[in-house]
Amino acid sequence: MPESAPLLWPAPTVSGPVDTTVSLPGSKSMTNRAMILAALSETPSVVRRPLRSRDTDLMAAALRAMGADVTETGADWSITPAHPTGPAVLDVGNAGTVMRFVPPLAALARGDVAFDGDPRARERPVGPLLTALRALGVDIDDGGRGALPLVIHGRGTVPGGVVTLDASGSSQFISALLLSGARFSAGVEVRHEGPPVPSQPHLDMTVEMLRAAGVSVDTGTPDVWRVSPGPIKAVEIEVEPDLSNAAPFLAAALVTGGTMTVRDWPRHTTQPGDALRTLFTEMGGAVEFTDNGLTLRGTGEIRGITADLREVGELTPTIAAVAALASTPSRITGVAHLRKHETDRISALVTEINRLGGDAEELPDGLVVRPGKLHGGVFSSYDDHRMATSGAVIGLVVPGVEVEDIATTGKTLPDFPGLWAGIVS
Ligand SMILES: O=C(O)C1=C[C@@H](OP(=O)(O)O)[C@@H](O)[C@H](O)C1
Ligand SMILES: C=C(OP(=O)(O)O)C(=O)O
């Protein structure tokens, strides 16, 4: 095979309903927040059951490069913090949480910290975050690009203060500033001005985890977040299963009329994946908490959905895959920012659904998916973990789907093919 040929993964097809239980690895978003807080705390932390994947390994490597000790102890990570120190050269891969959450921490370093990543990382927005950091007193050399690659000339402290930015492109700009803000001399007050900020649950997660680490966060005014300066307590956290990565597994029950239980689904969570309980109920599933976790039963009916997914954008690829198999049309809006995710997810979803014989159309901020008669074929993943798992969902009931580069799921779910094999056997 020529080296450039795409590696194709024949997506398993089932002849009947799936009926199984899965244990899923930890949340990417919680793991990488916990790691930042642990690195900024004054005493050692333990992050239990962290996600081990490309995005979280990149986070650990970045923190180590600036002097933190991150040690594997069984299934846990023990982190001994050290004041961040340069020079360091960091690889962010294509991890939004690394390319946005680490620069404010690097600004506290003594010395230079250089950032670069995958070609796609250079196209993903960081400009508003860099402008905000400069306003807070940080010296950054980005060659005027407003994007990676860049160097932060750390001076050991960051003055901090009040800053206004437009975070409509990514909630991660705000989370990034809040996560390190308590260590800025004056703390930080972040004010958003512009179209609505996406991914509200991820902002709630940032605030909840900061408060659990003893940081005072004022969220009393809409679109304003105030973090008081002060110490960050050691992190003692058991990371919840990744509920966004639960999406394709629950979808498997929905599209095959089967049953899927995701173990240890938290009763309280800030993860956006919790919205799947409502979204998949609207699409025809019956969802209930059981002693083991959360169970979704497919009823045999797959309905389309009309939904604004701004708050839970990362669920869009899986929702669109289910929509492609539904008996009624779907209209998904509010997710223009997905054009700057791992790939332009709106364009990619429409292209791939139509390539398999579906009927999808782009909207400026989402997509319409009408019922179609799907057939087998190649489903390209665009180096996007959620595109790859969406192809697997369609392939469960459409014979002959081949997902290109299934290994890209390693960004957040390294053993996806193994877990998936477990549900179809
Ligand atoms: O803070 C986080 O952990 C995340 C926030 C969201 O980013 P955007 O607001 O850029 O969509 C989400 O899509 C991403 O997968 C994880
Ligand atoms: C958008 C995503 O990731 P990132 O953290 O790289 O932004 C995602 O996981 O869907």
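I'll begin with a sheet: four strands form an open sheet in the order S10-S11-S13-S12, with mixed pairing. Helices (H or I, at least four residues) and strands (E, at least two) are DSSP runs, numbered from the N terminus, and two strands pair if DSSP finds at least two bridges between them. S10 and strand S12 (217–218) are the edge strands, each with a single partner strand, so one side of each has no neighbour in the sheet.

Before going on, a note on the source. This is a predicted model, in which local features need pLDDT of at least 70 and side-chain atom pairs count only at pLDDT 80 or more, while totals for chains, interfaces and linings use all residues. Residues are numbered from 1 along each chain as its sequence is written, and chains are lettered from A and ligands numbered from 1 in the order in which they are written.

Back to the sheet. Strand S10 (residues 161–165) is joined to S11 by five bridges, and the two run parallel. One of the pairings puts Leu165 with His192 of S11 as its bridge partner. On to S13: strand S13 (residues 224–227) is joined to S11 by four bridges, and here the strands run antiparallel. Val190 stands opposite Trp225 in S13.

H5 lies across S10, S11, S12 and S13, running at about 170° to S11. For such angles, axes are lines fitted to C-alpha atoms, for helices over the stretch in contact, and angles run from 0 to 180 degrees between N-to-C directions. Helix H5 (residues 172–181) is mostly covered, with ten of its ten residues buried. Among them are Phe173, Ile174, Leu177, Leu178 and Leu179.

S6 and strand S7 (residues 110–116) run parallel and are joined by four bridges. Val89 stands opposite Ala114 in S7.

Next, the domains. The protein chain is divided into domain 1 (8–26 + 241–424) and domain 2 (28–238); these bounds come from an automatic or database domain assignment. Their C-alpha centres lie 29 Å apart. Between them, 19 residues of domain 1 are in contact with 24 residues of domain 2, where contact means C-beta atoms, placed from the backbone, within 7 Å. The side of domain 1 that touches domain 2 has five nonpolar, seven polar and seven charged residues. In this scheme Ala, Val, Leu, Ile, Met, Phe, Trp, Tyr, Cys and Pro count as nonpolar, Asp, Glu, Lys and Arg as charged, and the others, Gly among them, as polar.

There are ligands to cover. Ligand 1 is surrounded by 13 residues, the closest being Ser29, Ser170, Ser171, Ser199 and His202; a residue is near a molecule if its C-beta atom, placed from the backbone, lies within 6 Å of it. Helix H3 (96–106) and H5 are the elements that give two or more residues to this shell. By class, the shell around ligand 1 has one nonpolar, eleven polar and one charged residue. At least three of its residues come from each of domain 1 and domain 2.

Which residues surround ligand 2? They are Ala95, Gly96, Thr97, Glu314, His341, Arg386 and Thr412.

Last, one residue of strand S15 (residues 259–263), Met260. Is Met260 buried or exposed? Met260 is buried, because 27 other C-beta atoms lie within 10 Å. Leaving aside neighbours within four places in sequence, its contacts include Val18, Thr20, Phe249 and Leu296.

Technical notes. Two residues are in contact if their C-beta atoms, placed from the backbone, lie within 7 Å. A residue is buried if 20 or more other C-beta atoms lie within 10 Å of its own, exposed if 12 or fewer, and partly exposed in between; C-beta atoms are placed from the backbone.
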